[in-house]
Amino acid sequence: HLPEVKELDSARAAVPIAENELINRKTTVADLQVLVKRADADVEQVRIRIERDSALIDGGTLSAKDIVNMQHELETLKRRQLNLEDEELEIMAQVEQAQLEVNKFDAEFESAKSRLDVAAAAADALLKEIDAEKNAKQIQAKELRTQLDAELLKLYDKIKSDQGGVGAAALKGKTCEGCRIEISATDLAVINSASSDDVI
């Protein structure tokens with residue numbers, strides 16, 4: 001329940017979300033780039049046909065009727081080329097906008113990874129500190145056990161086992177800090193009148 005561990009969990013959850021968002025944006029850019037290539041190929045095909053038809057007209061081998069038909073086809077092809085180029089420019093603008101989205105989500109992904117690294121380092125440092133303190137307390141507890149009465153230790157270990165790890169607890173006011181039960185005034189008077197080294 002430590003804030004550092006909660007932050008680590010939150011940072012871990014954020015990284016794959018940011019990565020998925022980035023992948024989605026990159027996929028959009030890739031799809032649009034395919035459309036740009038396709039549009040470019042379409043424009044190139046029309047351009048080649050325009051060059052071929054122009055060469056036929058300029059060659060002087062066509063009849064007057066064929067030249068009129070060919071000129072009409074050329075006008076249609078040029079309009080088609082303009083439309084295709086406009087479509088290609090529109091798709092290229094979409095690619096540019098999609099690339100800006102990629103850049104944005106790439107920065108968010110890097111930020112999420114950085115946050116994870118910082119959170120992991122903070123949680124790791126804190127857990128090491130807790131482990132060191134725990135080890136020091138365990139050593140201190142072992143030393144104290146050598147100084148206590150064997151019967152008292154036996155009672156302590158039994159209560160600790162029965163109470164899920166708590167063998168002794170402080171009494172604050174009228175409340176036992178171990179079981180959270182409030183002690184009656186009569187029992188409290190008995191406790192208060194006992195010697196300071198008595199086990200209650």
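1. Terms first. Buried means under 20% relative accessible area, exposed means over 50%, and partly exposed lies in between, with a 1.4 Å probe and protein chains only. Ala13 counts as partly exposed because its relative accessibility is 43%. Ala13 sits in helix α1, residues 3–59. Helices (H or I, at least four residues) and strands (E, at least two) are DSSP runs, numbered from the N terminus.

2. Basis of the model. This is a predicted model, in which local features need pLDDT of at least 70 and side-chain atom pairs count only at pLDDT 80 or more, while totals for chains, interfaces and linings use all residues. Residues are numbered from 1 along each chain as its sequence is written, and side-chain values use heavy atoms, with hydrogens and water left out.

3. Distances in sequence and space. Ala13 and Arg115 are 102 residues apart in sequence. Their C-alpha atoms are 11 Å apart in space. A second pair is Glu87 and Gln97, ten residues apart in sequence and 15 Å apart from C-alpha to C-alpha. Glu87 lies in helix α2. Glu87 is partly exposed, since its relative accessibility is 42%.

4. Salt bridges. The rule asks for a side-chain nitrogen of Lys or Arg within 4 Å of a carboxyl oxygen of Asp or Glu. By this rule the model has 14 salt bridges. Some of them form a network, which links Glu21, Arg25 and Glu101.

5. Pairs along helix α1. Asp9 and Arg12 form a salt bridge at 3.8 Å, N to O. Both lie in helix α1, three residues apart, which is about one turn of the helix. Asp9 is partly exposed at 43%. Glu44 and Arg47 form another salt bridge, at 2.2 Å from N to O. This pair is separated by about one helical turn, because the two residues are three apart in helix α1. Glu44 is partly exposed at 34% relative accessibility. Arg47 is also partly exposed, with a relative accessible area of 29%.

6. Check Arg180. Arg180 is not a glycine, yet its phi is positive, at about 65°. The residue belongs to the loop between β2 (175–176) and α4 (185–193). Arg180 counts as exposed, because its relative accessibility is 59%. Its side chain makes a salt bridge with Glu177, with the closest N and O atoms 3.4 Å apart. Glu177 is partly exposed, at 29%.

7. Largest pocket. A pocket is an open set of points on a 1 Å grid over the protein atoms alone, where a 1.4 Å probe fits, with protein on both sides within 12 Å along at least five of seven lines; lining residues have an atom within 4 Å of a point. Grid points are joined across faces, edges and corners, and a volume is the space filled by probe spheres set on the points. The largest pocket has a volume of about 620 Å³. Its lining has 18 residues, and the closest to the centre are Gly167, Ala168, Ala169, Cys176 and Ile200. Helix α3 (residues 150–162) gives the largest share of this lining, four residues.

8. Ala, Val, Leu, Ile, Met, Phe, Trp, Tyr, Cys and Pro count as nonpolar, Asp, Glu, Lys and Arg as charged, and the others, Gly among them, as polar. The lining of the largest pocket divides into 15 nonpolar, three polar and no charged residues.

9. Second largest pocket. The second largest pocket holds about 260 Å³. Ala141, Leu144, Arg145, Leu148, Leu152, Leu153, Tyr156 and Lys160 line it. α2 (64–145) and α3 are the elements that give two or more residues to this lining. The most come from α3, with four residues. Six lining residues are nonpolar, none is polar and two are charged.

10. Nonpolar surface patch. Patches take residues with over 30% relative accessible area and no salt bridge, and nonpolar side chains (Val, Leu, Ile, Met, Phe, Trp, Tyr) are joined within 5 Å. Accessible areas come from the Shrake-Rupley method with a 1.4 Å probe; for residues, only the protein chains shown count as cover. Leu148, Leu152, Leu155, Ile159 and Val199 make a nonpolar patch of about 390 Å². Leu148 is placed in the loop between α2 and α3. Leu148 is partly exposed, because its relative accessible area is 45%.

Definitions and conventions: Patches are made of residues with over 30% relative accessible area and no salt bridge: like charges are joined within 9 Å, nonpolar side chains (Val, Leu, Ile, Met, Phe, Trp, Tyr) within 5 Å.
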